[in-house]
Amino acid sequence: MENTGGSLVRPFQVDLGGVVDLLSRHIYSGAHVYLRELLQNGRDAIAARAKVAGQDGRGNIEIFPVGTVPEAPDEFVFRDAGQGLSAAEAGELLATVGKSSKRDDVLNLRDEDFLGQFGIGLLSCFMVSDRIVVRSRSVHGHPPVEWTGSADGTFAVRELSEAESAGMAIGTEVRLSPRPDDAALLSAEKVLSLARRFGRYLPVEVRVRRADGTWDAVNEPAVFLPQDRPADERSAAGVLEEFGAELLGNRPLETIELSVPATGTQGVAYVLPFAPPPGSRRSGELYLGRMLLGEDLSELLPEWAYFVRCVLNTEGLRPTASREQLVADEALEYTREEIGKALRRWIVQQATTRPARFERFVAVHHLGLKSMAVHDDDLAAAVLPWLTVETSAGRMTVRDYLDQSRHVRYVETVDEFRQIAAVVPPDHPVINGGYTYESDLLRRLPLLIDGVTVEQVQASSILDELAPPPMDDRSSTSALERRAAAVLAELGSDALVRSFRPDDVTALYVADAAAIRRIERTEVRDSAPAVWAEVLGGIESSLAGRTGPKPRRTTAQLCLNWQNSMIRQLSGLDDQLVFDRSVRLIYIQALLAGHRPLSRADRTVMTTAMSDLIQLSVGITG
Ligand SMILES: Nc1ncnc2c1ncn2[C@@H]1O[C@H](COP(=O)(O)OP(=O)(O)OP(=O)(O)O)[C@@H](O)[C@H]1O
């Protein structure tokens with residue numbers, strides 16, 4: 001303490017109870033992280049010892065859950081064969097909040113050989129125990145030491161006598177006496193599952209004692225890292241796929257290896273064999289220095305990478321103090337971008353070199369791919385040619401369509417598509433742009449692929465492309481148009497005659513989007529309760545009486561096919577009753593063929609016309 005200009009300069013006081021509360025409630029996700037912090041300290045101490053003594057770093061950690069130490073059945077013991085601590089180090093490092101030997105205090109950077117850096121980890125043990133006893137023998141030959149910290153904020157350090165430390169190996173032992181409420185967190189079963197969860201891939205041997213004195217091994221090879229896989233390529237691939245199947249609960253569709261050397265980030269992305277629900281989290285497993293950091297990979301994966309589940313390890317990225325997330329810095333952004341590039345590269349490579357497998361991928365994930373491609377030009381350019389679209393000439397990939405024509409024609413709604421699909425000439429098909437994202441993507445085609453033009457066509461304009469009947473037949477076809485229009489007027493439809501293929505199509509019912517909306521409004525109004533019907537009626541008349549340029553009268557049209565023999569016969573039919581019925585039935589047939597829902601009036605027409613037909617067929621006179 002020094003006296004400067006009359007005021008006393010004093011060190012900050014730290015209320016340990018407050019700090020532990022801060023850790024347990026606001027920093028860590030739960031008291032169970034005490035084991036992760038101990039594992040991390042043990043791993044760091046072993047790495048530090050390897051640096052000093054030039055070992056290969058494979059020291060070991062032994063954990064004795066409550067009930068497995070015969071002479072102290074209520075205690076939990078954690079031992080590492082690390083570099084140990086001297087009395088001075090224990091006094092300075094263990095009880096100073098924020099003090100860490102593993103960080104460059106000048107640059108405030110984590111030493112990449114170690115996982116710790118914040119100098120708070122050991123305090124997490126106070127979340128489960130009121131007392132922490134650390135006994136340590138330093139690799140540097142200092143006398144063995146015992147440090148005891150209490151939750152009341154005091155600690156004591158003493159050197160151990162020869163007798164007390166006889167047989168004590170180099171390394172550190174932490175003893176906890178759990179509070180009754182927290183004992184379950186230190187039980188044999190829980191400790192083993194926590195040790196496996198956090199530490200199974202650690203580069204140090206970790207084992208957990210059973211009550212019968214035998215051991216459970218914790219370590220497993222991290223097969224998502226190339227260095228932990230068998231050298232033989234075939235078995236390596238098998239192991240990797242097996243690992244993916246366990247992770248997903250299902251065989252992955254594909255396995256993509258990822259590596260971002262600049263940040264020491266490596267691992268695999270498994271392509272899901274099912275389409276995940278929209279908006280689902282980008283989950284997986286993320287390891288830092290081979291210790292589990294968390295299961296949410298949203299920060300590390302681009303937003304559109306929803307179709308993979310990743311298991312990654314990073315050596316270079318920085319954790320937040322909770323060690324459950326990564327610091328959102330430039331290195332993280334860079335890594336995310338690189339992972340995005342690798343996934344895109346994979347997509348493009350698959351598309352060009354393994355089209356059959358790529359088709360399988362697109363079939364499962366097309367909706368998600370489209371949703372992402374709408375916002376991501378690079379991805380759109382990569383996947384768009386491979387997406388299949390429904391066209392009037394059948395389903396085909398955008399690429400196949402472009403091979404036929406660089407001028408893309410599409411209709412905006414499924415309704416319009418159904419009306420015209422049968423009659424569009426097959427050499428220049430129209431795409432159904434009515435499915436989610438389809439129109440948006442099609443409109444952007446010219447920006448993504450050179451030399452492509454796009455046109456939105458109205459169903460009614462397809463009629464203009466159909467050939468008028470031959471000149472010689474015009475008087476018959478005009479008469480047919482007039483007679484049919486008179487029958488159809490009550491159904492809100494006009495009639496016209498054109499020649500088109502296929503010949504067996506009698507007629508086409510065509511209404512563009514505005515006409516369809518009008519028809520739907522009328523239908524709702526007719527079946528709605530009075531008040532609502534009045535509102536809809538008001539909308540209808542206000543639309544009809546709009547000032548300004550008069551909107552084009554949108555009518556539905558029944559286009560009769562002059563190529564069809566029945567239509568030709570119809571034009572010569574004198575019996576007005578049979579003519580009327582036939583036109584009504586052709587109208588209903590065309591509606592059904594275009595998948596148009598039948599309105600109430602349509603249904604009445606259909607039932608009456610069908611009954612008439614049956615009566616005619618069986619010879620009943622009405
Ligand atoms: N098992 C151990 N062996 C040797 N030294 C240890 C051990 N545990 C802790 N220490 C020393 O005590 C210091 C403080 O440890 P603590 O766990 O509080 O923080 P940290 O590991 O440095 O950082 P973090 O808060 O990120 O875990 C460490 O930096 C290390 O020097």
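**Group meeting: strands, ligand shell, a helix pair**

L286 stands opposite G294 in β16. Numbering starts from 1 along each chain as its sequence is written. This is a predicted model: local features need pLDDT of at least 70, side-chain atom pairs count only at pLDDT 80 or more, and totals for chains, interfaces and linings use all residues.

Strand β15, residues 283-288, runs antiparallel to β16, with 4 bridges joining them. Two strands pair if DSSP finds at least two bridges between them. Helices (H or I, at least four residues) and strands (E, at least two) are DSSP runs, numbered from the N terminus.

Now the whole sheet. It is open, with 5 strands in the order β13-β14-β17-β15-β16 and mixed pairing. β13 (254-260) and β16 (291-296) are the edge strands, each pairing on one side only. From one strand to the next, the twist averages 15°.

Next, the ligand. How many residues surround the ligand? 22 do, and the closest are A45, S100, S101, G116 and G121. Near means a C-beta atom, placed from the backbone, within 6 Å. α2 gives the largest share of this shell, 5 residues. By class, the shell has 7 nonpolar, 12 polar and 3 charged residues. Ala, Val, Leu, Ile, Met, Phe, Trp, Tyr, Cys and Pro count as nonpolar; Asp, Glu, Lys and Arg as charged; the others, Gly among them, as polar.

Last, two helices. The axes of α13 (474-488) and α17 (576-593) come within 10 Å and cross at roughly 75°. Axes are lines fitted to C-alpha atoms, for helices over the stretch in contact; angles run from 0 to 180 degrees between N-to-C directions. The two helices, α13 and α17, are therefore roughly perpendicular, a term covering 65 to 115 degrees.

Conventions. Parallel < 35°, antiparallel > 145°, perpendicular 65-115°, else oblique.
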